[in-house]
Amino acid sequence: MSDVRDEGGQDGFAAELWSAGAATYDAIVAHPFLTGLSDGTLPREAFAAFVAQDSHYLQAYARALALTAARATDPAAVRMFSAHAANAIAVEQDLHARLLAELGLSSADVAATPVGPTTLAYTSYLLAVCATGTYAEAVAAVLPCYWVYRDVGRTLLERSSPDPVYATWIATYASPEFDAVVEAVVATADALGPSTGPAERARCRTHFATTTRYEWMFWDAAWTGLTWPV
Ligand SMILES: Cc1ncc(CO)c(N)n1
Ligand SMILES: Cc1ncsc1CCO
């Protein structure tokens, strides 16, 4: 699978954050869950496990985005993150309803699936940073969710997938609409750079690196079928 990552501007704050997650991104695009999505060999049960956990994830992610919106002072950023919070719920309901129907699952099946250990760890971290960190820290924590999926979407779209269900998922994140969303958030992160001091920037890099790791772990949990050990 070739790598069509887009690291954004060369020397802005967003690029500085990306550097903190770049090695993890390389591991993400090489993960068998993703290579299996694009060559169609990913077992349907693994994809269903991913979609079920992603439903739980997106509900929490929407709240993390709403907290980020509440921390922003620039009206354009308040509006943007609020719109994205609403859209995360819409994706959860619309995209997942379509995917689940094709996978032969109902939303009741998903609601009955317990939140897994990786989903809980990832969403707890996001909500903690967005609730108790600074605005720049919140932006750094939520940024990989956008950026990693846009770049993964692009990379996978080069081959798409022989499986129409997987192709639907890939097309969502490879779309021009999602690209515009990601570019706006990357620009927002860049605009925060000059007003963010060295200690806060270091915390931001840690958050970005951590949530990028959780992105890898999220796919890996679906791939290995991770559940609570007891
Ligand atoms: C786990 C995860 N991260 C990111 C996205 C896209 O924002 C998603 N749908 N799920
Ligand atoms: C990042 C993200 N992922 C699914 S929805 C959403 C918010 C922007 O539409």
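Predicted model: local features only at pLDDT ≥ 70, side-chain atom pairs only at ≥ 80, totals over all residues.
If you want to find the spot, look for Phe 13, Ala 14 and Leu 17 on helix 1; they meet Val 186, Ala 189, Asp 190 and Leu 192 on helix 9. That contact has six nonpolar residues, no polar ones and one charged one.

Now stay on helix 9, which covers residues 176-192, and bring in helix 7. This pair packs at about 145°, with the axes 10 Å apart, and the crossing is left-handed. Helix 7 brings Ala 136, Val 139, Leu 143, Tyr 146, Trp 147, Arg 150 and Gly 153 to the contact, and helix 9 brings residues including Phe 178, Val 181, Val 185 and Ala 189. Sorted by class, we get 12 nonpolar, two polar and two charged residues there.

Helix 7 has another partner, helix 10. Here the angle is about 30° and the axes are 8 Å apart. Angles under 35 degrees count as roughly parallel, so that's what we call helix 7 and helix 10. Their crossing is right-handed. On the helix 7 side you'll find, among others, Ala 140, Pro 144, Cys 145 and Val 148, and on the helix 10 side Cys 204, His 207, Phe 208 and Glu 215 are among them. The classes here are nine nonpolar, three polar and four charged.

A quick check on helix 10 itself. It has 27 residues, 198-224, and at 1.5 Å a residue it should span 39 Å; the end C-alpha atoms are 39 Å apart, so the two agree. Just after that helix, Gly 225 has a positive phi of about 70°.

On to the ligands. Which residues sit around ligand 1? They are Asp 54, Tyr 57, Leu 58, Cys 145, Tyr 146, Tyr 149, Glu 215 and Phe 218. Helix 3, helix 7 and helix 10 each give two or more residues to that shell. By class it's six nonpolar, no polar and two charged.

Around ligand 2 we have His 84, Asn 87, Ala 88, Val 91, Cys 145, Tyr 146 and Val 181. Helix 4 and helix 7 are the elements that give two or more residues, and helix 4 gives the most, with four. This shell has five nonpolar residues, two polar ones and no charged ones.

Note on methods. Residues numbered from 1 in each chain as written. Chains lettered and ligands numbered in written order. Expected span 1.5 Å × (residues − 1). Near = placed C-beta within 6 Å. Nonpolar A, V, L, I, M, F, W, Y, C, P; charged D, E, K, R; others polar. Axes fitted to C-alpha atoms, helices over the stretch in contact; angles between N-to-C directions. Parallel < 35°, antiparallel > 145°, perpendicular 65-115°, else oblique. Left-handed = near helix turned anticlockwise from the far one by under 90°. Contact = placed C-beta atoms within 7 Å.
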